[in-house]
Amino acid sequence: MNINKCLAAVVGLGLGLGTLSGCGSSDSGSGAGSKTVTLVSHDSWAASKSVIAAFEKESGYKVRVLKDGDAGQAVNKAILTKDNPQGDVFFGVDNTLLSRALDNGLFQSYEAKGLDTVGSQYRLDAAKHRVTPIDYGDICVNYDKKYFTEHRLTPPASFADLVKPEYKNLLVTENASTSSPGLGFLLGTAAAYGDEGWQGYWKKLTANGVKVVDSWEQAYDEEFSGSAGGKKAGGDRPLVVSYASSPPAEVIYADPRPKTAPTGVATGTCFRQIEFAGLLSNAGNTKGGKAFIDFLIGKKFQEDMPLNMFVYPVVKGASVPAEFTEYGPAAKDPETMAPAKIAANRDQWVKSWTSLVLK
C-alpha cells in the first residue's frame, strides 16, 4: 500500500496503527553488510557537517538522513512502516510518545556504548534499552517582546495567565494529535491542573481564543508575530507554544545579531521533553545503526547539538555554548509526568482534547 494513502487513512496519532503497520517503503538504502546508515528523524534534525564527517571517517559508514515532518508525524509514520522501515535508526521520539513507539514494537534492544555517561533521570527505558536518551529541552509558551512593549502589556508568566481577558486571541498552539510540542503543552496543562481539571482549563483557553494549527513550523513561522530565524514572521499572534531554547535561536540566526533576544519565555508554562534514538526493529544495517547510536551519545555530537537543534545534552560533562545558556536557559521548575501516567492517559486525553478544542 502506498505510504501516503496509508497515512491518509490515519486520523490522529494511534488510530488504526495496528491494521496499517504493514505499510512500508522498500527504498531504505541500507541492508546487511551495507556501508550506509540511514537515519529517520523529524524536520528539526541538524548536525555540523564536520561532526558527521568525523563519524563517517572513524566508522567507515556513510550517513543518509530522511526527515519526516514534525516529531509526532515522524513517529506515526515510523510505526506504520515498522515491518519494512525506511532506515536503521530513528531519532526524535520523545517522552510524550515513547510508550506508543515501544508498545508498537518500533525498536529492538541495544545498550549503547557509553550509556553510563548519560544521566540516570533521562533513561526511561533502562530495563530493556530499546531507546537511548539523546537530549532534553522544555516546551513553553514564547512571547513577542515587541508586541507586549508596544501594547504596554505584561507578558503572561503561567498557564493561569493565558486564560485572562488581556490575552484573548493572542495564543497559537499546535494540534496535540499531530504535533509533539502540541502534545507536550497538553500534558503540561494536565500536570498542572490534574486529570480532570485540565479539561476545564482548556474550555477557558478555547473561550479565550486560542488558535490551533497542525505543526510547530506552521505555528512559529506562519502564525507567530515574533521574528522567525532572523526574519519577520507574517503572523499576528504574539504568543506561541515553542521551546525555552527558541530565544537563543532568534539571536544566533539573526544577521546582525541583536544584543537581546526578541522573544521571551513564559517560564510557568514549561513541560520537560526528553528525546531518544532507537535501532529500528527491522533495520537492514543493525551494525551500522548501533555504531551511529553510540556516536549520538559521544561527547563530540553531544556538544555539537545545542547550536544545531537547540536542545541540551544528556551526557554528563558535555559543555554548552555560552550564548545558548544566556538566551535560553532550561526551565528551573518545568512540569513533568511519569512515563507510565502518560502511557495510561495520553490517547484518551488527546481524544477528549480533540472533541473539546477542535469541535
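**View 1. The lining of the second largest pocket sorts into 9 nonpolar, 5 polar and 3 charged residues.** Here Ala, Val, Leu, Ile, Met, Phe, Trp, Tyr, Cys and Pro are nonpolar, Asp, Glu, Lys and Arg are charged, and the others, Gly among them, are polar. This is a predicted model, where local features need pLDDT of at least 70 and side-chain atom pairs pLDDT 80 or more, while totals for chains, interfaces and linings use all residues. Residues are numbered from 1 along each chain as its sequence is written, and side-chain values use heavy atoms, without hydrogens or water. Look for Val265, Thr267, Tyr327, Gly328 and Pro329, which lie nearest the centre among the 17 lining residues. A pocket is an open set of points on a 1 Å grid over the protein atoms alone, where a 1.4 Å probe fits, with protein on both sides within 12 Å along at least five of seven lines; lining residues have an atom within 4 Å of a point.

**View 2. The largest pocket holds about 690 Å³ of space.** Volume is the space filled by probe spheres set on grid points joined across faces, edges and corners. Of its 35 lining residues, Ser44, Trp216, Tyr243, Met309 and Phe310 are closest to the centre. Helix H8 gives the largest share of this lining, 4 residues; helices (H or I, at least four residues) are DSSP runs numbered from the N terminus.

**View 3. Helix H4, residues 71-80, is mostly covered.** In H4, 9 of the 10 residues are buried (under 20% relative accessible area with a 1.4 Å probe, protein chains only). Among them are Ala71, Val75 and Leu80.

Key. Buried < 20%, exposed > 50% of the residue type's maximum accessible area, 1.4 Å probe, protein only. Helix = DSSP H or I, 4+ residues; strand = E, 2+ residues; numbered from the N terminus.
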